[in-house]
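Welcome to the tour! Open your viewer, get ready to select residues, and follow along stop by stop.

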Amino acid sequence: MSSLIRHVTIDAADPYGLAGFWARALDGSLADDDFPGDPEAVVTTAAAALLFVRVDDRKAVKNRVHLDLQPQDRTRDEEVERLLSLGATLQGDHRRPDGTGWVTLYDPEGNEFCVERSAAERANG
């Protein structure tokens, strides 16, 4: 058997704080033994586990790898608004007049991620 991905690991200045954002964004949960100031924090979601690890170097360039989110129970536009209310910021709006496209956001530490259309939106056009 080949290897399986156990975690997607994300460097962070504040692992617990950033993990809290992603737990809210993905309706996930922080590990019971994660606390503010810890050098790492784990978020478990229905689809994946995200491991946030303290790294003193600040992010300087565009991510080489990023997450693409697909809303499950709301539209892409509703999800973008929800994520902005949680602390994300807009990087680039790539929505097209025909409803296709995506939105690129920054998480609270400046990591890029994209919000795509929901499966229902894709099925409808």
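Start with the largest nonpolar core, which has 20 residues; such a core is a set of buried Ala, Val, Leu, Ile, Met, Phe, Trp, Tyr and Cys residues joined through side-chain atoms within 4.5 Å. Buried means under 20% relative accessible area, exposed over 50%, and partly exposed in between (1.4 Å probe, protein chains only). Select W22, F52, L83, L105 and F113, the residues with the most contacts inside this core. Now colour α1 (15-25), which gives the largest share of the core, six residues. Helices (H or I, at least four residues) and strands (E, at least two) are DSSP runs, numbered from the N terminus.

This is a predicted model: local features need pLDDT of at least 70, side-chain atom pairs count only at pLDDT 80 or more, and totals for chains, interfaces and linings use all residues. Residues are numbered from 1 along each chain as its sequence is written, and side-chain values use heavy atoms, leaving out hydrogens and water.

Next, select H66, in the loop between β4 (49-54) and β5 (67-69). H66 is partly exposed, with a relative accessible area of 35%. Show the side chain of D68 too: a polar contact of 3.0 Å joins it to that of H66. A polar contact is a pair of N or O atoms within 3.5 Å; within protein, one must be able to donate a hydrogen and the other to accept it, and residues adjacent in sequence count only if both atoms are side-chain atoms.

Finish at D34, in the loop between β2 (29-30) and β3. Its side chain reaches the backbone nitrogen of V42 at 2.7 Å.
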